[in-house]
Amino acid sequence: DGWRLVRPVPGIGLPTTVQAVYAAQLDELPPGPRSLVRRASVAGRQFALEAVATLDGGCVDDVDALARRGIVHGPVSDPLLGRSFVFRHALLRDAGYASLARGERARLHVRMARWLEGRSEARADGLAAVTGRHYAAALESTPLLAVDVGDGLSRDEAADRAAHWFERAAEADLRLGANDSARALFARALELTPPTASLERGSRLLGLARATAFTSDSSFSQRAIGRM
């Protein structure tokens, strides 16, 4: 009793990486659950059940199928996102994300950002940074020759939305005393702000200076103000 090989070892194909093992698991899924994994991966390791229709057009049955196979765990109750599920392993999420073409990634990031913007105003500050990251990811994922980033949103509009949400997240962090995080978010907002947007650049530079004034690098604050 026990295991024995019925074919020569050289004739047995094995995945060459751990990620390939997870990709093979996803390939074995039925079409509906497999499509949901690929698209829900845009949200990150955790995805909100309410966002599934926005991202995938999938249904609750597909999520239940993934849970039965151990691909996702849940549901979990998230105070900002509502009822959510979590990929069993980060590499499962990564395998799904890697299977998306760049244009599809960009379009799904836009849809995710818009879904987050539709959450209640009471949740907006808590979701501001992740909303900005989705708009920024849409820009980064868009092929160079594409006219827009997806769903009719232009590159300039995506950059403007990302910068807006990064600035809002930075202001929220300043109010909480999270100065290092605020500084990084103001810097990201500035990277996405065109030189011609004088008012927005001035506001974000001042915010960057305010955040830096409370860190150990006080000289950075003076340099930021000098750039205004």
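**Questions and answers on the model**

Reply: Pro75 lies in strand 2 (residues 72–78); helices (H or I, at least four residues) and strands (E, at least two) are DSSP runs, numbered from the N terminus. This is a predicted model, in which local features need pLDDT of at least 70, side-chain atom pairs count only at pLDDT 80 or more, and totals for chains, interfaces and linings use all residues. Residues are numbered from 1 along each chain as its sequence is written, and side-chain values use heavy atoms, with hydrogens and water left out.

Me: Which residue does a cis peptide bond join to Pro75?

Reply: The omega angle of this bond is about 5°. The residue joined to Pro75 by the cis peptide bond is Gly74.

Me: Is Arg93 buried or exposed?

Reply: Arg93 is placed in helix 5 (residues 90–98). Buried means under 20% relative accessible area, exposed over 50%, and partly exposed in between (1.4 Å probe, protein chains only). Because its relative accessibility is 18%, Arg93 counts as buried.

Me: With which residues is Arg93 in contact, leaving aside its neighbours within four places in sequence?

Reply: Contact means heavy atoms within 4.5 Å. Leaving aside those neighbours, Arg93 is in contact with Ser41, Val42, Gly44, Arg45 and Phe87.

Me: How far apart in space are Gly82 and Glu50, C-alpha to C-alpha?

Reply: Gly82 is found in strand 3 (residues 82–87) and is partly exposed, with a relative accessible area of 22%. In sequence, Gly82 and Glu50 are 32 residues apart. In space, C-alpha to C-alpha, the distance between Gly82 and Glu50 is 7.6 Å.

Me: How many salt bridges does the count come to?

Reply: A salt bridge is a side-chain nitrogen of Lys or Arg within 4 Å of a carboxyl oxygen of Asp or Glu. By this rule the number of salt bridges is 12.

Me: What is the N to O distance in the salt bridge of Arg38 and Glu104?

Reply: The side chains of Arg38 and Glu104 meet in a salt bridge. The pair links distant parts of the chain, with Arg38 in helix 2 (residues 31–40) and Glu104 in helix 6 (residues 102–117), 66 residues apart. Glu104 counts as buried at 13% relative accessibility. The N to O distance of the Arg38 and Glu104 bridge is 3.4 Å.

Me: Which residue meets Asp151 in a salt bridge?

Reply: Asp151 has a positive phi of about 55° although it is not a glycine, and Asp151 lies in the loop between strand 4 (148–150) and strand 5 (153–154). At 3.1 Å, N to O, the side chain of Asp151 meets that of Arg111. Asp151 is in that loop and Arg111 in helix 6, so the pair ties together parts that are 40 residues apart in sequence. The salt-bridge partner of Asp151 is Arg111.

Me: Where does Arg161, which meets Glu117 in a salt bridge, lie?

Reply: The side chains of Glu117 and Arg161 meet at 2.8 Å, N to O. The pair links distant parts of the chain, 44 residues apart, with Glu117 in helix 6 and Arg161 in helix 8 (residues 155–176).
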